[in-house]
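Thanks for coming, everyone. Have a look, and then we will go piece by piece.

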Amino acid sequence: MALLTPSLGRPAALGRGLALALGGAALITLGAKIQIPFWPVPMTLHTLAVFFLAAALGPRLGLAAMATYLAAGAVGMPVFSGSPERGIGLVYMAGPTGGYLAGYLLGAGLTGWLAEGRGVIGRFLAMLAGLTVVYAAGLAWLAHFVPASSLLAAGFLPFILGDLVKLALAAGLIGAFARLKGRWQ
């Protein structure tokens with residue numbers, strides 16, 4: 001069972017699931033909007049939010065939070081990093097970062113599934129598997145916009161170090177929340 005989803009009756013569980021998906025989408029949006037100076041490019045906390053939620057909520061709710069975020073972006077809400085300045089809606093999603101967005105959806109489900117019942121190392125490895133999906137989908141899509149010789153320099157190398165740090169932080173945060181939850185019960 002996922003860390004943040006206690007057993008409830010069916011109507012309460014549906015309401016709680018909806019609230020967690022909406023709250024998760026809001027957290028992903030916040031993560032996409034926060035920029036931290038980093039080398040060689042500034043980083044956002046989008047990856048941290050997605051993988052934290054996927055591992056903490058489990059595969060269904062983690063996937064639901066990411067799907068809700070993507071749906072909000074698809075209808076034109078400025079939820080994505082760089083929006084509305086770089087575009088909104090489906091036009092943004094069809095741009096160079098569209099593959100990464102699709103990869104986050106798949107990666108969230110995979111991470112949630114692999115992370116269930118795991119410790120810090122297992123959660124980190126689950127997130128790493130999810131991140132691999134993100135990069136595979138993102139680079140495959142980005143190849144339509146960037147020459148193959150520049151693909152890794154444009155869509156992987158500037159981001160991987162920051163993403164690995166964010167995964168480690170997310171795995172540790174879940175462990176910290178689990179310990180706090182144990183103290184509250």
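Let's start with α2. Its twelve residues should span 16 Å at 1.5 Å a residue, and its end C-alpha atoms are 16 Å apart, so the two agree. One caution before I go on: this is a predicted model.

Is α2 mostly covered or mostly open? Mostly covered: twelve of its twelve residues are buried. The run goes from His46 and Thr47 through Leu48, Ala49, Val50, Phe51, Phe52, Leu53, Ala54, Ala55 and Ala56 to Leu57. Just after α2 comes Gly58, with a positive phi of about 95 degrees. Most residues other than glycine have a negative phi.

Now zoom out. The chain has eight helices and two strands. From the N terminus, the order is α-β-β-α-α-α-α-α-α-α. The radius of gyration is 16 Å, close to the 16 Å from the globule rule for 185 residues, so the chain is as compact as a globular protein of that length. Along the principal axes, the C-alpha atoms fill a box of roughly 55 × 35 × 25 Å.

A few totals. Of the 185 residues, 41% are buried. The accessible surface comes to about 9600 Å², and carbon and sulfur atoms account for 74% of that. Take contacts between residues at least 6 apart in sequence: 65% of them join residues at least 24 apart.

Next, the core. How many residues does the largest nonpolar core have? It has 42, and those with the most contacts inside it are Ile28, Met66, Tyr69, Phe80 and Met127. Helices α1 (10-33), α2 (46-57), α3, α4, α5 (98-115), α6 and α8 (157-184) each supply at least two residues. Which helix gives the most? That is α2, with ten residues.

You will find Met127 in helix α6. That helix covers residues 120-142, 23 residues in total. From first C-alpha to last, α6 reaches 32 Å, close to the 33 Å expected at 1.5 Å a residue. Its buried residues are Arg123, Ala126, Met127, Gly130, Leu131, Val134, Tyr135, Gly138, Leu139 and Leu142. Keep the helix geometry in mind here. An α-helix has 3.6 residues a turn, so residues three or four places apart point the same way.

Met127 itself is buried, with a relative accessible area of 0%. What does Met127 touch, leaving out residues up to four places away in sequence? Phe51, Ala55, Thr111, Leu167, Ala170, Ala171 and Ile174. Look at Ala170 in particular. Met127 and Ala170 are 43 residues apart along the chain, yet their C-alpha atoms are separated by 8.8 Å.

Last stop: a loop. Ser83 lies between α3 (59-74) and α4 (89-93). Pro84 sits in that loop too, between α3 and α4. What kind of peptide bond joins Ser83 and Pro84? A cis bond, with omega at about 10 degrees. Most peptide bonds are trans.

Is Ser83 buried or exposed? Buried, with a relative accessible area of 4%. Its side chain reaches the backbone oxygen of Phe80 at 2.7 Å. Phe80 is also among the core residues with the most contacts. Setting aside residues up to four places away in sequence, Ser83 touches Lys33, Pro78 and Ile88.

That's the tour. Over to you.

Key:
Residues are numbered from 1 along each chain as its sequence is written. This is a predicted model: local features need pLDDT of at least 70, side-chain atom pairs count only at pLDDT 80 or more; totals for chains, interfaces and linings use all residues. Side-chain values use heavy atoms; hydrogens and water are left out. Helices (H or I, at least four residues) and strands (E, at least two) are DSSP runs, numbered from the N terminus. The radius of gyration is taken over C-alpha atoms; the globule rule is 2.2 Å times the number of residues to the power 0.38. Buried means under 20% relative accessible area, exposed over 50%, partly exposed in between (1.4 Å probe, protein chains only). Contact means heavy atoms within 4.5 Å. Accessible areas come from the Shrake-Rupley method with a 1.4 Å probe; for residues, only the protein chains shown count as cover. The expected span of a helix is 1.5 Å times one less than its number of residues. A polar contact is a pair of N or O atoms within 3.5 Å; within protein, one must be able to donate a hydrogen and the other to accept it, and residues adjacent in sequence count only if both atoms are side-chain atoms. A nonpolar core is a set of buried Ala, Val, Leu, Ile, Met, Phe, Trp, Tyr and Cys residues joined through side-chain atoms within 4.5 Å.
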